[in-house]
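Subject: Structure for your review

Dear colleague,

Please find the sequence and the structure below, handed over for your use. My notes on what was found follow directly after them.

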Amino acid sequence: MGCGDCGFAIRPAVGRYLTCPVKEAKGDQGFEIYFARGRMNVLKSILEGKIPLSRELAEYVYQCSECGNCTEVCHQSQNEYIILPTSKWIDHVEVWNALRKDLVEAGFAPLEKHSKLIAYMNNETMRNPYGEDESKKFEWIKEFPNIKEKADLVFFGGCTMPLRQVSTLRSMIKILNASQIELAISKDEWCCGSIAIRIGDEESVKKNIRHNVDIYSEMGAKTVFSACAGCYRTLKKDYPKILGEELPFEVKHITEILIDLLKSDKIPFKEDQGEKQVVTYHDPCHLGRHMNLYQIPREVLSKIPGVELVEMKRNKKNAWCCGAGGGVKSQYPTLALDISKDRIMEAINTGADILTTSCPFCIGNFIDAYNDLEPELQEKITVIDIIDLIASKI
């Protein structure tokens, strides 16, 4: 029995049917091709020569955030009574990405808005998918003269935070400065290339990969860390795979840096933290299901004074996607917002004061969805990066 036979699966801990964020957002309009079973049947038909690759097919294929929830549902690893041999090894995200590569190679992809992102990323005056001037990514660094050009610890800034959420970068430096941590940042960093890889256009990003690895090698980096879940996954998982070689430095996520600081009591928190804040944590797909980094962010939250963590019903491996990944946010923004609103409502239902996460892409989509909610719902919760949450308490 394979995915073509599975239908819906139920998670006892969640108490509801789980299919796919896109399928649920589509509601009654969401037919088979919007979730794993239908996609697998389409793939089978493609391999059998019954369905040709086409632009029309691409329009459906890219309405997928590649969150990996289908893999967790299919694997049913928590259920000892379900034993499906194929479900134990199939990686749905890799399968979907292989189809995207085929569509790119056949000339039916990237889609219009995805093409612009890749063009911006490879534009020598930009080097980012937002179409901003390259120098703008590094303007914030001028505020912190103590940032070095070379160090054992190097920060990979990415594109989203420097261009859209620079206040969170200021919060990060505030934490590291207060903890007396030295770090370096390169002003010659290029986009990590995650967006092109998710779209299926690996060839367009190989130059970026080689450039970034060489830059950090020249800086003498022993550890390169990112505050972006997408950049983290790309550097740690995709770079070695695409290059066919191990990286000359270790790659970490910001939460791995923060937990070390918290365990060694290096972050000088204020003594008076005021009223207790109830916080719920959203697992970014690229951090959780893609990289299995679930516990460390929760350990970070558990060590922040004045904070109580409550879980959403769908958490860790079962966590619902924010809706922004896999190119959905750029090509299908309304779909991305619908999925994000569903997740925010789940956070509100916990009774939490704050919805936090550790991914600027999730934060950006949550804020866009939050701003589209009714005022009475907005009053119930605040969306904030885990970095800003910590910085507010020192």
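This is a predicted model: local features need pLDDT of at least 70, side-chain atom pairs count only at pLDDT 80 or more; totals for chains, interfaces and linings use all residues.

Residues are numbered from 1 along each chain as its sequence is written, and side-chain values use heavy atoms, with hydrogens and water left out.

Strands

Helices (H or I, at least four residues) and strands (E, at least two) are DSSP runs, numbered from the N terminus. Two strands are said to pair if DSSP finds at least two bridges between them. Strand S4 (residues 223-226) runs parallel to strand S5 (residues 250-253), and four bridges join them. Within this pair, Thr 223 stands opposite Glu 250 of S5. Together with helix H12 (residues 229-243), S4 and S5 form a right-handed β-α-β unit; right-handed means that, with the strands pointing away from the viewer, the path from the first strand over the helix to the second runs clockwise.

Strand S8 (residues 354-357) has pairings with S6 and with S9. S6 and S8 run parallel and are joined by three bridges, with Thr 280 opposite Leu 355 of S8. S8 also pairs in the parallel sense with strand S9 (residues 382-385), over four bridges, and here Thr 356 stands opposite Ile 384 of S9. Both faces of S8 are covered: Ile 354 and Thr 356 on one side, and Leu 355 and Thr 357 on the other, are all buried. Buried means under 20% relative accessible area, exposed means over 50%, and partly exposed lies in between (1.4 Å probe, protein chains only).

Thr 280 itself is placed in strand S6 (residues 277-281). Thr 280 counts as buried because its relative accessible area is 0%. Contact here means heavy atoms within 4.5 Å.

The largest pocket

On a 1 Å grid over the protein atoms alone, a pocket is an open set of points where a 1.4 Å probe fits, with protein on both sides within 12 Å along at least five of seven lines; lining residues have an atom within 4 Å of a point. The largest pocket has a volume of about 760 Å³, a volume being the space filled by probe spheres set on the points, which are joined across faces, edges and corners. Its lining consists of 39 residues, of which Tyr 130, Thr 160, Ala 324, Lys 329 and Phe 361 lie nearest the centre. Several helices supply at least two lining residues each, among them H12, helix H15 (328-331) and helix H17 (360-370). The largest share, eight residues, comes from H17. By type, the lining divides into 23 nonpolar, 12 polar and four charged residues. Ala, Val, Leu, Ile, Met, Phe, Trp, Tyr, Cys and Pro count as nonpolar, Asp, Glu, Lys and Arg as charged, and the others, Gly among them, as polar.

Individual residues

Ser 217 is found in helix H11 (residues 206-218) and counts as partly exposed because its relative accessibility is 36%. Ser 217 and Pro 248 are 31 residues apart in sequence, yet 6.7 Å apart in space, C-alpha to C-alpha. Beyond four places in sequence, Ser 217 touches Pro 248 and Phe 249.

Asn 177, in helix H9 (residues 166-178), is partly exposed at 32%. Leaving aside neighbours within four places in sequence, Asn 177 is in contact with Phe 144 and Asn 146.

Glu 112 lies in helix H7 (residues 112-122) and is exposed, with 52% relative accessibility.

Backbone

The peptide bond from Ala 109 to Pro 110 is cis, with omega near 5 degrees. Pro 110 is placed in the loop between helix H6 (92-105) and H7. Gln 180, which is not a glycine, has a positive phi of about 60 degrees; Gln 180 sits in the loop between H9 and H10 and is exposed at 73%. Asp 265, also not a glycine, has a positive phi of about 55 degrees.

Yours sincerely
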